[in-house]
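Me: I have a sequence and a model open. Can you walk me through it?

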Amino acid sequence: MDLPKFLLGDNTDYPSAIFIVHTEYPRFIINLENDAVEWLEEFSKEDEKELESEAENLIKAATAFYDREVSRYED
């Protein structure tokens, strides 16, 4: 199955949360309501150093994806 890089998710148990799921490595879920990130991967110490620099770009990309999706509904 071919999945998009990002998925938008919601859950009625968290009515104000806005979840973005990143489906490629490193997989994660971010809640844009509070910027909480849940990583779905295990990382070694070496990976963590590389991830620090990449994480900011991935989170910006997730936010840009959300902004793009919302703008499509507003038009």
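What follows is a quick tour of the fold, the turns and the charged side chains.

Me: What kind of model is this?
Reply: It is a predicted model.

Me: OK. How many helices and strands does the protein chain have?
Reply: One helix and four strands. Along the sequence, the order is β-β-β-β-α.

Me: And what does the C-alpha trace span?
Reply: About 45 × 25 × 25 Å along the principal axes.

Me: How much of the chain counts as buried?
Reply: The chain has 75 residues, and 24% of them count as buried.

Me: Let's do the strands. How does S1 pair with S2?
Reply: Strand S1 covers residues 6-9. Four bridges join S1 to S2, and the two run antiparallel. Leu7 sits opposite Val21 of S2.

Me: What joins S2 to S3?
Reply: A hairpin, through five residues. Pro26 is found in that loop. A cis peptide bond joins Tyr25 and Pro26, with omega at about -5°.

Me: Next pair. How many bridges join S3 to S4?
Reply: Four. S4 covers residues 36-39, and the two strands run antiparallel. Asn31 stands opposite Ala36 in S4.

Me: How many residues lie between S3 and S4 in their hairpin?
Reply: Four. Asp35 is in that turn, and its phi is positive, about 60°. Asp35 has this phi although it is not a glycine.

Me: Is Asp35 buried or exposed?
Reply: Exposed, because its relative accessible area is 53% and the cut-off for exposed is over 50%.

Me: Changing topic. How many salt bridges does the structure hold?
Reply: Four.

Me: Start with Arg27. Which residue is in a salt bridge with Arg27?
Reply: Glu41. Their closest N and O atoms are 2.8 Å apart. The pair links distant parts of the chain, 14 residues apart. Arg27 is in the loop between S2 and S3, and Glu41 is in the loop between S4 and H1.

Me: Is Glu41 buried or exposed?
Reply: Buried, because its relative accessible area is 19% and buried means under 20%. Arg27 counts as partly exposed, at 34% relative accessibility.

Me: What about Lys60 and Glu56?
Reply: Their side chains meet in a salt bridge, 3.3 Å from N to O. The two are four residues apart in helix H1, so about one helical turn separates them. Glu56 is partly exposed, with a relative accessible area of 49%.

Me: Last topic. Which residues gather in the patch of negative charge?
Reply: Glu46, Asp47, Glu48, Glu50 and Glu52, on the surface.

Me: Where does Glu48 lie?
Reply: In helix H1, which covers residues 45-74.

Me: How exposed is Glu48?
Reply: Glu48 counts as partly exposed, because its relative accessibility is 35%. That falls between the cut-offs of 20% for buried and 50% for exposed.

Me: Can you recap the hairpins and the charges for my notes?
Reply: One hairpin joins S2 to S3 through five residues. Another is formed by S3 and S4, with four residues between them. On the charge side, there are four salt bridges, including Arg27 with Glu41 and Lys60 with Glu56. There is also the surface patch of negative charge, with Glu48 among its residues.

Key. Residues numbered from 1 in each chain as written. Predicted model: local features only at pLDDT ≥ 70, side-chain atom pairs only at ≥ 80, totals over all residues. Heavy atoms only, no water. Pairing = 2+ DSSP bridges. Patch = residues over 30% accessible without salt bridge, like charges linked within 9 Å, V, L, I, M, F, W, Y side chains within 5 Å. Areas by Shrake-Rupley, 256 points an atom, 1.4 Å probe, with all protein chains shown as cover. Lys, Arg positive; Asp, Glu negative; His and termini not counted. Charge placed at Lys NZ, Arg CZ, Asp CG, Glu CD. Buried < 20%, exposed > 50% of the residue type's maximum accessible area, 1.4 Å probe, protein only.
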